[in-house]
Amino acid sequence: MQKQRWYIADNGIYSKLISVMGKKGQTRMAMWLFSEMRNSGCRPDCSVYNSVITAHLHSKDKSKALSKALSYFEKMKGTERCKPNVVTYNILLRAFAQARKADQVNTLFKDLDESIISPDIYTYNGVMDAYGKNGMIREMEDVLSRMKSNQCKPDIITFNLLIDSYGKRQEFEKMEQVFKSLMRSKEKPTIATFNSMITNYGKARLREKAENVLEKMKGLGYTPSYITYESLIMMYGLCDSVAKAREIFNKSMEEGKEIRVSTFNALLDVYCMNGLPMEAALLFESRSSIGVFPDISTYKLLYKAYTKANMKELVEKLLKCMDRDGIVPNKKFFLEALGAFGSSSAGLNSDSGKAELRDYVMVPRHRWN
């Protein structure tokens, strides 16, 4: 591109390229582009530094990445045309919240308060979401209080992340209070709002509450999504209502939409967790008529269920299906397979039996993630 007659070095182009390389985990390439940009006569601005910081934060060594991000942040503060903006703070605040560095988050908020920059809804939502996903409820609530004191009104993302965070911690009273506040506000719930509540009630085996949310959702004119059906299937499975889980699965098929493998796996999981490996096997056999192609999770679920039930023939049949689909277990799976077969029969516990299995499953085709 640089050889083209029309090419003119531009901060925007470099900023975008650095950002793309960062998202791909190509930190070295991102830094080479940053160096090349300066060599071409371009002067970095705030947008470029934001992309550089983000690129580092995508690297695997998070401790080093955070240190690098802070060093660039300090450099920006000392460079007139590169002063941090609200996007810079948002990137750093979320990153440190994800890393559970509450002290650093508070330091950045203090720095932000002392600057001429005002935090926005993305600032608060990003930090609260990160804290919520880490189960740091007190810290999340502190940020919510800060948000309210700054007269920043919550949006639907705020409500949804609070509902999900409280739900995952099974703090259902607070979750329900947030939902009531949402219904009184100008914001409207989304399908994700209801899915989150159904999922978390389901995990707590609160069947009636989950069903009430479904009825509330339908009453407000929302159509269940595939995630809604999967949440209901898992909820009934956890509540020992296998027949009801199958009923929900059948209902999703009757709607005429393509059945996703994740929905298929949800019902498989229900059969497996309830000690019904034969029902799981029958469902697996019907995959073609349902129109589902199994993925890695499908095989993992079935393998664990069959070995737990000591069903040698089903395990052997499953391994052949995996071979036919070009899927070969990784080392961890292989060792588990040897252990499972070894416990299932004296013959396969022998060296010859293990060698036969090793030869079978280690055909190099496709590696599991």
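**Helices, faces and a nonpolar core**

In helix H19, the residues Leu314, Val315, Leu318, Leu319, Cys321 and Met322 are buried, where buried means under 20% relative accessible area, exposed over 50% and partly exposed in between (1.4 Å probe, protein chains only). Viewed along the axis of H19, these buried residues fall within an arc of 160°, so they line one face of the helix; the arc is that of the directions from the helix axis to the C-beta atoms. On the face turned away from the buried side, H19 carries the exposed residues Glu313, Lys320 and Arg324. This is a predicted model, in which local features need pLDDT of at least 70 and side-chain atom pairs count only at pLDDT 80 or more, while totals for chains, interfaces and linings use all residues. Residues are numbered from 1 along each chain as its sequence is written, and side-chain values use heavy atoms, with hydrogens and water left out.

Just after H19, Gly326 takes a positive phi of about 75°.

Of the 369 residues in the chain, 45% are buried. Among contacts (heavy atoms within 4.5 Å) between residues at least 6 apart in sequence, 62% join residues at least 24 apart. The accessible surface comes to about 20200 Å², and 51% of that surface belongs to carbon and sulfur atoms; these areas come from the Shrake-Rupley method with a 1.4 Å probe, and for residues only the protein chains shown count as cover.

Buried in H1 are Asn11, Tyr14, Ser15, Ile18, Ser19 and Gly22. These residues cover an arc of only 135° around the axis, which puts them on the same side of H1. Their cover includes helix H2 (27-39) and helix H3 (46-57). The exposed residues Lys16 and Lys23 sit on the face of H1 turned away from the buried side. Just after H1 comes Gly25, with a positive phi of about 80°.

The interior comes next. In soluble globular proteins, nonpolar side chains tend to be buried together. Here, the largest nonpolar core has 103 residues, and those with the most contacts inside it are Met128 and Tyr131; such a core is a set of buried Ala, Val, Leu, Ile, Met, Phe, Trp, Tyr and Cys residues joined through side-chain atoms within 4.5 Å. Leaving aside residues up to four places away in sequence, Met128 touches Met140, Val143, Leu144, Met147, Thr158, Leu161 and Leu162.

Thr228 lies in helix H13 and is buried, with a relative accessible area of 0%. Beyond residues up to four places away in sequence, Thr228 touches Ile191, Asn195, Ile198, Leu214 and Met217. Asn90, placed in helix H5 (residues 86-98), is buried at a relative accessible area of 16%. With the same exclusion of residues up to four places away, Asn90 touches Asp120, Tyr122 and Thr123. The side chains of Asn90 and Thr123 make a polar contact at 2.5 Å; a polar contact is a pair of N or O atoms within 3.5 Å, where within protein one must be able to donate a hydrogen and the other to accept it, and residues adjacent in sequence count only if both atoms are side-chain atoms.

Two loop residues complete the picture. Most residues other than glycine have a negative phi. Gln151, however, has a positive phi near 60°; it is in the loop between helix H8 (137-149) and helix H9 (156-168), and counts as exposed at 69% relative accessibility. Asp240, also not a glycine, has a positive phi of about 65°. Asp240 belongs to the loop between helix H13 (226-238) and helix H14 (242-254), and counts as exposed at 61% relative accessibility.

How values were computed
Helix = DSSP H or I, 4+ residues; strand = E, 2+ residues; numbered from the N terminus.
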